[in-house]
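Please look at the sequence and the structure below, and keep both in view while reading this report on pockets and strands.

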Amino acid sequence: MAMSEISATDQESSEKITIRNVSKAYESTQALEDVSFSVSEGEFCCVVGPSGCGKTTLLRTIAGLDDPDSGSVLVGGDPVTDPGLDRGMVFQEYALFPWRTVRGNVRFGLDRPACECADCEARVRELIDLVGLDGFEDAYPKELSGGMKQRVGIARALAVDPEILLMDEPFGSVDARTRDRLHAELLDIWAQTGQTIVFVTHDIDEAVTLADRVVVMDADPGTVQSTISIGLERPRERTAHDFVDHAAKIRAELGSPADASRYHDFS
Ligand code: ADP
């Protein structure tokens, strides 16, 4: 086999998610137009872009919640047609059941939510510990802070040990200090589980803090502008030169420096 063939095969086999020429329109809005990129196995990929550039639509398409009008999404080489247990989703607005406790919400992520066998109980316990909510098992969502609610959302998405975690601006509603803590916790979980993560955000610093690679999108129609590798060691310091350089590069891709400030969430 020629060297070029070996490289092509290796590259394909490491691709966990392949997005091929995906287009999707809602009535007169072209949410995605000819979007193509891939995410490697175990990669932490962030998708950034202005509001309305199709980030959520893209994530829902990978999740199998929306069908593309044309093009395809492959997971592990197989076309996505429906939602599956191999993909866990964490939503921006928590999407917890208010009438269920932390334990009940996490349990709901299991493929057998009604099962109270020792294995399922142990799994729920393990997940609650993993996201640092031990002691809050019997609390209801209304008793929890935003950060704690999002920890429940993450535990629930992890319940079936999905190979892929799809996260839609999960920390958009929490304060800056809590967000920093959640970043560190998410990176710990990712290091432990080795999952492939696609994380949508409009916060450039958040993307540079977390990602191996950042996909920069443009709006109207939603397209991929560029992809930028973030080859920095973790944990990353926001004031470090390399960090600031990467953030500036993404900001420049999104528009002029003056324009780019509107993409940045300073909260
Ligand atoms: P983002 O997540 O980047 O803000 P979205 O994927 O939510 O972008 O939306 C992309 C575009 O598609 C926007 O213009 C949005 O208004 C439109 N859109 C998204 N979902 C729907 C829908 N269900 N019906 C009509 N238009 C939609």
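## How pockets are found

A pocket is found on a 1 Å grid over the protein atoms alone, as an open set of points with protein on both sides within 12 Å along at least five of seven lines, and its lining residues have an atom within 4 Å of a point. This is a predicted model, in which local features need pLDDT of at least 70 and side-chain atom pairs count only at pLDDT 80 or more, while totals for chains, interfaces and linings use all residues. Residues are numbered from 1 along each chain as its sequence is written, and side-chain values use heavy atoms, with hydrogens and water left out.

## The second largest pocket

The second largest pocket is lined by Asp 180, His 183, Ala 184, Leu 187, Thr 209, Pro 235, Arg 236, Glu 237 and Arg 238. Helix H6 (residues 176–193) gives the largest share of this lining, four residues, where a helix is a DSSP run of H or I with at least four residues and a strand is a run of E with at least two, numbered from the N terminus.

## The largest pocket

Among the 17 residues that line the largest pocket, Arg 87, Gly 88, Met 89, Phe 91 and Ala 157 are the closest to its centre. Strand E6 (87–90) and helix H5 (146–158) each supply at least two residues of that lining.

## The open sheet

Four strands, in the order E2-E1-E4-E5, form an open sheet with antiparallel pairing, two strands being paired if DSSP finds at least two bridges between them. Strand E2 (29–40) and strand E5 (78–79) stand at the edges with a single partner strand each, so one side of each is left without a neighbour in the sheet.

Methods: On a 1 Å grid over the protein atoms alone, a cavity is a set of points where a 1.4 Å probe fits but cannot get out, and a pocket is an open set with protein on both sides within 12 Å along at least five of seven lines; lining residues have an atom within 4 Å of a point.
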